[in-house]
Amino acid sequence: MLFTPNALHIPDGFLTPFVSLVGWGLALILLLIAVRQTRRQLAERQVPVMGVMAAFIFAAQAVNFPVAAGTSGHLLGGALAAITLGPWAAALVMTAVIVVQGLIFQDGGLLAMGWNIINMGILTAFTGHLGYSIVQRLAGAGRAGRLAGAVAGAWASVEAGAIATSIELAASGTAPLALALPAMAGVHALIGIGEALITVGAVALLQASRPEVMGSAETAPGQKTASFVVLGLLMAMGVAVLSPIASSDPDGLQAVAGTQGFAVQAQGNGLGILPGYAFPLVQNPAVATMLAVAGGVSIVFAIAVILGRAASRRAAGRS
Amino acid sequence: MHFDLSDAYRPRASFVHRLDPRTKVLCALLAIAALGVIPAGRWALFLVMGALIVGVAAGSRLGAGFAMKRAALALPFVLAALPLPFTTSGRTVFEVPLVGWAASDEGLTRLASLLVRTWLAAQAAILLTATTPFRDLLWALGALRLPRILVSTIGFMYRYLFVLADEAARMLQARSSRAARLGKKRPSLRWLGWTVGMMVGTLFLRSLERSDRVYAAMLSRGYDGRPLVFVQSEMRRADWWALLTTGLILAVLVVIPHLA
Amino acid sequence: MHHTIETSNLRFAYPDGRRALDGVSLHIAPGEKVALVGPNGAGKSTLLLHLNGTLRGQGEVRVCGKAVNDDNLPAVRAAVGLVFQDPDDQLFSSNVFDDVAFGPIYMGLSQGEVRDRVEKALAAVGMAGSEERVPHHLSGGEKKRVAIATVLAMDPEILVLDEPTAGLDPRSRRGLIQLLRALPQTMLASTHDMRLVAELFPRSVVLDGGVVVADGATTELMARPEFLEAHGLEAG
C-alpha cells in the first residue's frame with residue numbers, strides 16, 4: 001500500500017475512459033504549447049536543463065519532512081519549478097516526472113495520466129507561478145516579495161491540484177463532489193503548508209546565493225499566456241464545483257438532466273466511443289453536465305489562449 | 001524511494017521480451033483502456049482479463065504471479081472510493097449501524113469492480129516495464145508520437161536521477177547527523193521546513209550547474225539542438241500477430257456486454 | 001591536415017569580471033604530448049574550453065590552421081576531442097552505446113558507420129561489448145574509459161583531457177595511463193598529477209593567474225622545485 005499524504009496521482013479505474021480522454025486531449029494541447037515556449041526560452045539548452053531539472057524535482061520529492069504521528073510530507077515541486085524555471089518549462093519538467101512515476105512505479109495510472117499531468121504538472125506550476133507573480137506585485141519585487149510570493153504560490157498550487165482531482169473523481173462518478181472536495185481541499189490545505197515552507201526555504205537560499213537564477217525565470221517567455229491558461233482552468237473548476245454535480249442528491253441530478261434533456265443527448269451524439277455501451281455512468285447526469293462544462297471549458301480556454309497570445313505579441317511589439 | 005529507474009526491468013529470454021517495445025506499449029495501453037470500458041459487475045470478463053495478464057506474465061518467464069504480487073493499491077484513492085456503496089442507489093445489502101448508511105448492491109459491485117480494474121491495470125503496467133528496458137520504453141513512446149522534447153527530457157532525467165539522488169542522500173545524512181546534535185529539543189515544524197528548503201535549494205543549484213556542464217559536453221560532441229535518434233527496432237511478424245491477437249481478444253471482451 | 005592547436009594572446013573574463021585568461025599564447029605541433037599544469041584557479045579548464053569553441057574569448061584560437069568561428073565549429077569539435085573532468089557530465093545518455101554513438105550521429109554518419117565507430121572506440125579503450133550497460137552501473141574507471149570512447153568515436157586528431165586521473169583508484173589510474181600511452185593522437189592534458197606528467201608528457205606548460213609562466217621540457221621543469229612550489233605545484 002502506497003501512502004503518501006501528497007498523493008494526487010490518480011490510478012487507473014477511478015476515472016471513466018471519457019473523462020480520461022478529455023484529460024489526455026487537454027494535456028497534449030498544453031504540452032505542445034509548452035514545447036514551443038520552452039524552445040523560445042532555452043533554445044538548444046532545453047534538453048540538458050529540463051532533463052537535469054526533472055531529475056532534481058524527482059529527487060527533491062523524496063526529501064521527506066515529518067508532519068505528525070509518523071507520517072511525512074513530500075514536496076510536490078510544481079510551484080518551485082515555476083518560480084525558478086518559468087511556468088512552461090516547469091510544466092514540461094513536472095510532466096517528465098509524472099510520466100515516469102506512472103509508467104515505472106505505477107504511481108498514477110496510464111489512462112489517468114492526462115489529468116495527472118494537468119493536476120500535478122500544469123495546474124501546480126501555473127497556479128504557483130500566478131500566486132508568486134500576484135503577491136510579488138503587491139509586496140514589491142525585493143527579497144520579501146519573492147519569499148511571500150513563494151509561500152502563496154506554493155500553497156495555492158497544492159490546493160488547486162487537490163480541488164481539480166476531486167472534480168475529476170466526481171465527474172467519473174467515483175466520489176461525490178460534496179464529499180471529495182472538502183476532504184481533498186481540507187487535507188491539502190495542511191499539506192500545502194509543508195510545500196510552502198520547503199519552497200520558501202529553497203527560494204530564500206537561491207535569493208541569497210544566486211539571485212540571477214530567480215531573475216532569469218522572471219523574464220521567461222509566455223508568462224502572460226500561462227496566467228490566462230490557468231485562470232481559464234481555475235474558472236472552469238469553479239463552474240464545475242457550482243454545477244449540478246455538486247449536489248449529492250441523485251433525484252436533484254436526475255431532475256436537472258431530465259429538464260435539460262442532456263441524458264438523451266449524451267447517448268445519441270456519438271461522443272461515446274462505443275455506441276450505447278452499458279457504462280454505469282451514462283445514467284449519471286454528472287457526465288451529461290460535464291459534457292456541457294467541457295464544452296464551456298474549451299471555449300473559455302481557446303479565448304484565453306488567443307487573448308494571451310495577442311497580449312504577449314503586443315508587449316513584444318512595444319519592447 | 002527507488003532512484004534506479006532501470007530497477008523494474010527483469011531481463012529474460014522470452015518471446016515477450018523480444019517483441020518490439022511499441023507492440024508492448026500499445027498492448028498495455030489497449031488492455032488498460034479495455035479494463036476501463038468493461039462495465040461493473042462483469043466478473044467473468046474481469047476474470048478473462050486477469051487470465052490474459054497472468055498468461056503474459058508466465059509467457060515472459062517472470063512467473064505467473066509476478067505482477068499480482070507487485071500491484072499495490074493507492075490508499076488515499078481507495079479511501080476516496082469507499083463511499084460508493086452508500087451513494088449509489090439500489091437494493092440495500094446492509095446498513096451501517098448508528099449512522100444508518102445503506103450500502104446498495106449496485107454500489108458494492110461498482111466499488112469492487114473499481115478495485116479490480118485498478119489492480120489489473122497496475123499489473124499490465126508492471127509487466128510492460130518488467131519486459132522492456134527503460135531506454136527502449138522511452139524510444140517506443142517517442143516512436144508513438146510523444147513529443148520528442150519530452151522524450152529527451154525523460155531520458156536525461158533517467159540518467160541523472162541516480163547522480164542527484166546520491167547527492168540528496170548525502171545531504172539527508174548530513175542533516176540527520178546535525179539534528180542529532182540538537183539533543184532533546186524537538187525542532188519546530190518551521191525550522192524543519194526551512195532546513196529542508198535550504199537542502200532543496202542547494203540541490204537545485206548543483207543540478208543547475210551540472211546541467212551547464214552537461215550542455216558543454218553535448219556541444220563538444222557536436223550537439224546542435226536537433227533531436228536525432230538512432231532507429232532502434234523494427235516490427236516483425238511476431239509483433240503484428242501479438243497486436244492482432246491482443247486487439248481481437250480485447251475487442252471481444254468489450255463487445256460481449258452489448259450482445260445480451 | 002596539419003593537426004595543430006594555436007592560441008594567440010587569448011584573453012577571457014567571466015561575466016562577473018573575473019579575468020580567467022590574460023594573454024595566453026600556445027603552439028602545439030602534431031604528435032606532441034603536452035601537460036598543462038598550474039594551481040587551482042589558474043585558468044586551465046577555461047583554456048581547455050576555448051580549444052573546441054565552447055568558450056569564446058578575445059585573441060585567436062586556431063585549430064588545424066583555421067581560426068575557430070561559427071562556421072567551422074562542427075569540424076573543430078570533431079577534430080578536437082575534449083574529455084571532461086567528471087565523466088558523469090560526459091556520459092549523459094541512457095546506455096553506453098547511445099553515449100558513444102552520440103558524436104558520430106551528430107556528425108551525420110550512417111547507421112552502419114555509427115555502429116562501426118562505436119565498436120572501434122569501445123575496443124580502443126578496453127570496454128568492448130559494454131554497449132548495453134547503463135552508466136550508473138559503471139565503476140569510476142570504467143566511466144572514464146567510456147568517456148574517452150565517446151570522444152574517440154569522432155576520430156579526433158587532438159585529445160584534450162581535463163584532470164584525467166582525478167578520482168581514480170591506483171589500479172584504474174594505471175590502466176588509464178596505459179591507455180593514454182597507446183593512443184596515437186596529439187595530446188594536451190590539464191592535470192595536478194605530476195607523476196602522470198613525468199611518465200607521459202615530454203613537454204609541460206605552466207599556467208598561473210591566467211598567463212603562461214613556463215613552457216618547455218618536463219625534465220627541465222621537474223628540476224626546478226622552487227619554481228614549482230611558487231606556482232602551487234610539487235615535483236611528483
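**A tour of chains C, A and B**

Select chain C to begin, where you will find ten helices and ten strands, with helices (H or I, at least four residues) and strands (E, at least two) taken as DSSP runs and numbered from the N terminus. The model in your viewer is predicted, and for that reason local features need pLDDT of at least 70 and side-chain atom pairs count only at pLDDT 80 or more, while totals for chains, interfaces and linings use all residues. Residues are numbered from 1 along each chain as its sequence is written, and chains are lettered from A and ligands numbered from 1 in the order in which they are written.

Next, select chain A, which has twelve helices and two strands and, read along the sequence, follows the pattern α-α-β-β-α-α-α-α-α-α-α-α-α-α. Buried residues make up 58% of its 319 residues.

Now show chain B beside chain A: 76 residues of chain A are in contact with 76 residues of chain B, two residues being in contact if their C-beta atoms, placed from the backbone, lie within 7 Å. On the chain A side, select helix H1 (17–42), helix H2 (46–62), strand S1 (64–68), helix H4 (87–105) and helix H7 (177–209), each of which supplies at least two residues. H2(A) gives the most to this side, with 15 residues. Colour the side by class and you will find 56 nonpolar, 16 polar and four charged residues, with Ala, Val, Leu, Ile, Met, Phe, Trp, Tyr, Cys and Pro counted as nonpolar, Asp, Glu, Lys and Arg as charged, and the others, Gly among them, as polar.

Finally, move to where chain B meets chain C, a contact that takes 25 residues from chain B and 28 residues from chain C. Helix H8 (134–143), helix H9 (148–180) and helix H10 (189–220) of chain B each supply at least two residues of the side that touches chain C, and H10(B) gives the most, with eight residues. By class, this side of chain B has 14 nonpolar, four polar and seven charged residues.

Technical notes: A residue is buried if 20 or more other C-beta atoms lie within 10 Å of its own, exposed if 12 or fewer, and partly exposed in between; C-beta atoms are placed from the backbone.
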